[in-house]
Amino acid sequence: MTDSLYYNPFLRIKEDTLKKLMGAGKPYVVIQRFQWPGQPLQKTFLLSAYADEQEARWHEQELRPNEGKAQNLLDLNQYQTVVTLLKNESGVTMFFNKTIDVRHEKRLQKAYVKNVSAYIHYISMKKEDHYDVRIFVEHGRLKAEITSGEQSHTAFFYDMIK
């Protein structure tokens, strides 16, 4: 299999990342399940960080049952729970909910262009001049919006590339 099949542009979370988030005034996090090719189901998570506790709670309310949970890193017990998950022996991998940078977003699109093209064909979207694909994170879920002229279709990015 090619490297691009498993290309993942998300930053892996480590304990120093948590400290940086807290230092940047974002101590409220939501940790939720994350599906990605090459990553084990039930062992891969995405972390979203917020400055405002209410925003984190709002995000948590958008999750399905058992999909994830909000944590307050200012609470020592909750901080320790998250740090324990980050230890190698836990078997859990956790990523930050934003791509590393714009260059990585472009590489993400390039790595999966064939998969996305096949998905567009599968949904029978008609081409009006050209297709635009915008990849974004909403409530910790990676999505893609495909537009062509007046048509628009949004889906989970994982469903397009699996």
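**Helix α5 and its setting in a predicted model**

Helix α5 (residues 113-122) has Val116, Tyr119 and Ile120 as its buried residues, where buried means under 20% relative accessible area, exposed over 50% and partly exposed in between (1.4 Å probe, protein chains only). Viewed down the axis of α5, these buried residues fall within an arc of 100 degrees, so they line one face of the helix; the arc is that of the directions from the helix axis to the C-beta atoms. The structure is a predicted model, in which local features need pLDDT of at least 70, side-chain atom pairs count only at pLDDT 80 or more, and totals for chains, interfaces and linings use all residues. Residues are numbered from 1 along each chain as its sequence is written, and side-chain values use heavy atoms, without hydrogens and water.

**Surroundings of α5**
- Lys114, His121 and Tyr122 are exposed on the other side of α5.
- The cover over the buried residues of α5 includes β6 (132-138), β7 (141-148), β8 (151-156) and α6 (157-161).
- Ser124 follows α5 and has a positive phi, near 55 degrees.

**Overall fold**
- The protein chain has 6 helices and 8 strands, taken as DSSP runs (helices H or I, at least four residues; strands E, at least two) numbered from the N terminus.
- Along the sequence, the pattern is β-α-β-β-α-β-α-β-α-α-β-β-β-α.
- Of the 162 residues of the protein chain, 40% count as buried.
- The C-alpha trace spans about 55 × 35 × 30 Å along its principal axes.

Note on methods. Contact = heavy atoms within 4.5 Å.
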